[in-house]
Amino acid sequence: YSSENVRFIIEVGRFIDSIKRDSTLCRNTLNYKEIDKLTNLSEVNITSIVVPHKGKELDFGKVSEWSSSVVARYTVLEHVAKIFDEYLSSDADSQICLSSNVLANTLHRIKNIHRYTFQIFDEALLDPIKTLRRDVLPRFLQSEHYKRLNSYCSRIYPLPVMKEFTFQMPSTAKVLQWPDEQLTLDNLRNVDWY
């Protein structure tokens with residue numbers, strides 16, 4: 001799951017960056033869980049949601065309510081369809097592991113993209129981040145590759161120690177704040193996910 005999770009996180013980061021070019025889309029101070037309550041997500045019958053095989057079959061709901069004049073609606077929809085095709089579809093080559101509930105919730109958020117904007121994949125990011133934090137990062141830090149990299153790079157610039165290498169897990173208290181710079185492994189630990 002490592003490479004799929006990392007690529008999914010990076011691609012969602014690119015998606016968020018593309019939307020955040022328009023500050024009017026980021027004015028919503030509600031997080032995705034609060035928007036879920038407003039859109040009656042708990043009343044959605046998960047068994048009735050049909051998961052499409054391709055992103056072009058996604059139901060984007062009321063896209064006419066897209067409020068941005070800076071970020072083109074079709075560009076956002078294409079990016080969402082691409083992420084769906086590569087990571088969420090049952091036919092995806094790099095499918096990430098998500099529960100059926102999380103997938104159904106994500107499809108509901110896609111259908112209401114005009115309300116969720118950059119938060120449509122927030123819940124889907126939780127498991128990949130947990131997997132990286134719990135499984136991948138500790139193994140990497142114990143690997144011979146990291147030791148050689150650390151030895152080589154420490155002559156140039158010392159790498160952070162393990163206690164500095166922590167991921168902040170999402171909470172419902174804050175709104176997602178993505179750094180303006182490009183997502184890298186160096187600044188991933190500094191991202192305030194919520």
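**Helices, core and charge pairs**

Arg134 is exposed: its relative accessible area is 53%, and the cut-off for that class is over 50%. The model is a predicted one. The neighbouring partner in charge is Asp135, whose side chain meets that of Arg134 in a salt bridge, 3.4 Å from N to O. Asp135 has 31% relative accessibility, so this residue counts as partly exposed.

Side chains of opposite charge can pair when their charged atoms come close. Over the whole structure, the search finds five salt bridges. One of them joins Asp36 and Arg109, with the closest N and O atoms 2.7 Å apart. Asp36 belongs to helix α2 and Arg109 to helix α4, so this pair ties together parts 73 residues apart in sequence. Is Asp36 buried or exposed? Asp36 is buried, at a relative accessible area of 9%. Arg109 is buried too, and its value is 0%. Both figures fall under the 20% that marks a buried residue.

Arg109 has a further partner. Its side chain also meets that of Glu123 in a salt bridge, at 2.8 Å from N to O. Glu123 lies in helix α6, while Arg109 lies in α4, so here the parts tied together are 14 residues apart in sequence. Arg109 and Glu123 are both buried.

Now take helix α1, residues 2-19. At 1.5 Å a residue, its 18 residues should span 26 Å. The C-alpha atoms at its ends are 26 Å apart, which agrees with that expectation. Which residues of α1 are buried? They are Glu4, Asn5, Phe8, Ile9, Glu11, Val12, Gly13, Phe15, Ile16 and Ile19. The buried residues of α1 pack against α3 (73-88) and α6 (122-142).

The largest nonpolar core holds 33 residues. Within this core, the residues with the most contacts are Phe8, Phe15, Val76, Val80, Ile120 and Phe121. At least two core residues come from each of α1, α2 (32-38), α3, α4 (100-111), α5 (113-116) and α6. Which helix supplies the largest share? That is α3, with seven residues.

Phe8, Phe15, Tyr87 and Phe121 are linked into a cluster by ring pairs. Three names here, Phe8, Phe15 and Phe121, also stand among the core residues with the most contacts. With ring centres required to lie within 6.5 Å, the count comes to four aromatic pairs. Phe140 and Tyr146 have ring centres 5.3 Å apart and planes at 65°, so this pair is edge-to-face. Planes over 60 degrees apart fall in that class. Phe140 is partly exposed, at 33% relative accessibility. Tyr146 is buried, at 10%.

One charge also sits over a ring. Lys20 lies over the face of Phe118, 4.7 Å from the ring centre.

Notes:
Residues are numbered from 1 along each chain as its sequence is written. This is a predicted model: local features need pLDDT of at least 70, side-chain atom pairs count only at pLDDT 80 or more; totals for chains, interfaces and linings use all residues. Side-chain values use heavy atoms; hydrogens and water are left out. Helices (H or I, at least four residues) and strands (E, at least two) are DSSP runs, numbered from the N terminus. The expected span of a helix is 1.5 Å times one less than its number of residues. Buried means under 20% relative accessible area, exposed over 50%, partly exposed in between (1.4 Å probe, protein chains only). Contact means heavy atoms within 4.5 Å. A nonpolar core is a set of buried Ala, Val, Leu, Ile, Met, Phe, Trp, Tyr and Cys residues joined through side-chain atoms within 4.5 Å. A salt bridge is a side-chain nitrogen of Lys or Arg within 4 Å of a carboxyl oxygen of Asp or Glu. Rings of Phe, Tyr and Trp (its six-membered ring) pair if their centres lie within 6.5 Å; planes under 30 degrees apart count as stacked, over 60 as edge-to-face and the rest as tilted. A charge sits over a ring if NZ of Lys or CZ of Arg is within 6 Å of the ring centre and within 35 degrees of the ring normal.
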